[in-house]
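This briefing sets out selected features of a single protein model. The sequence and structure are shown first, and the notes that follow are grouped by topic.

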Amino acid sequence: MASKFSSTLLLLLSILMSIQLLVSAGNFYRDVDITWGEGRGKIQEGGRGLALSLDKLSGSGFQSKNEFLFGRFDMQIKLVPRNSAGTVTTFFLSSQGEGHDEIDFEFLGNVSGQPYTIHTNVYTQGKGNKEQQFHLWFDPTAAFHTYTIVWNPHRIVFLVDNSPIRVFNNHESIGIPFPKSQAMKVYCSLWNADEWATQGGRVKTDWALAPFTAYYRNINIDGCAVSSGTSSCKSIGSTNNAKPWQTHELDGKGRNRLRWVQSKHMVYNYCADSKRFPQGFSAECKSSRF
């Protein structure tokens, strides 16, 4: 009964989040550039939607026109349906260069009837190894769902339909680097990664089913745009007139939802992989996940 109630609550949150984004959504013509794919990426619905396709020759992708240092980034996505094995659909933030910062949502396809895997990771100064993976409590190919990255100097929060699935806190005080100095753009793509994406690379992409298509809608960015080294925001250390994302942290209900997702739907956690890290886990793994 509790599980059924939690699923119903998450569905209601999804509906409310969709209504909010319809009011505040950006426009793909205005906000992004299609950067690769030779015509496989197409803006639709007067700028409200964007489709990315993948065939045996190439995938496709786009990036935001602006780069940002902190913000809230919402994207509605409907993933590749049916047999999506070998494909990877992405929504992430990244800076440039060898020592780049990055905050990842990657959606790893699977054979028909098997769940997508949401792969999350955080890179700081070119180093990642902070993976957590989840299976969703709904079919992400049947309708659009909202995926969100909240990034401020204190923490990074990954949300699905406004429900937190992961929190990565700033643990610089114990020597763990945190991305806070490099501005990042939003990137989205659909590409082939059948050497590793599905069941460790055992299942390959079935090109007879191509083209594969993922749909994006209602991009919404509320962040500190950076141009020529200058941020559009005043000091975000101040709480005066701060936007919600600038001080975002989980309340009691949010912590309960996070516990539910992580107990029922997490399928990999770098903080529990002793075979991969026999020398011991990273220091932040011993700290509170909230």
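The secondary structure of this predicted model comprises three helices and 16 strands. The protein has 290 residues, and 51% of them count as buried.

**Strand S7 and its burial**

- Strand S7 spans residues 102–108 and is mostly covered, with seven of its seven residues buried.
- Both faces of S7 are covered.
- One side of S7 carries Glu102, Asp104, Glu106 and Leu108, and these residues are all buried.

**Strand partners of S7**

- Strand S6, residues 87–94, pairs with S7 in the antiparallel sense over seven bridges.
- Within the pairing of S6 and S7, leucine 93 has isoleucine 103 of S7 as its bridge partner.
- Strand S8, residues 117–123, also pairs with S7 in the antiparallel sense, and this pairing too runs over seven bridges.
- Within the pairing of S7 and S8, phenylalanine 107 stands opposite isoleucine 118 of S8.

**Annotated positions and glutamate 102**

- In the UniProt record, an unreviewed entry, the annotation "active site" covers Glu102 and Glu106.
- Glutamate 102 is placed in strand S7.
- Glutamate 102 has a relative accessible area of 12%, and it therefore counts as buried, the cut-off being under 20%.
- Leaving aside neighbours within four places in sequence, glutamate 102 is in contact with Phe92, Leu93, Ser94, Asn121, Val122, Tyr123 and Met184.
- One of these contacts, Leu93, is the residue whose bridge partner in S7 is isoleucine 103.

**The largest pocket**

- The volume of the largest pocket is about 320 Å³.
- The lining of the largest pocket is made up of 16 residues.
- Of the lining residues, Lys127, Gly128, Asn129, Lys130 and Ser282 lie nearest the centre of the largest pocket.
- By residue class, the lining of the largest pocket divides into seven nonpolar, seven polar and two charged residues.

Methods. Residues numbered from 1 in each chain as written. Predicted model: local features only at pLDDT ≥ 70, side-chain atom pairs only at ≥ 80, totals over all residues. Heavy atoms only, no water. Buried < 20%, exposed > 50% of the residue type's maximum accessible area, 1.4 Å probe, protein only. Helix = DSSP H or I, 4+ residues; strand = E, 2+ residues; numbered from the N terminus. Pairing = 2+ DSSP bridges. 1 Å grid on protein atoms, 1.4 Å probe; cavity = no way out; pocket = protein on both sides within 12 Å on 5 of 7 lines; lining within 4 Å. Points joined across faces, edges and corners; volume = space filled by probe spheres on them. Nonpolar A, V, L, I, M, F, W, Y, C, P; charged D, E, K, R; others polar. UniProt positions renumbered as here; feature names shortened; annotations may be inferred. Contact = heavy atoms within 4.5 Å.
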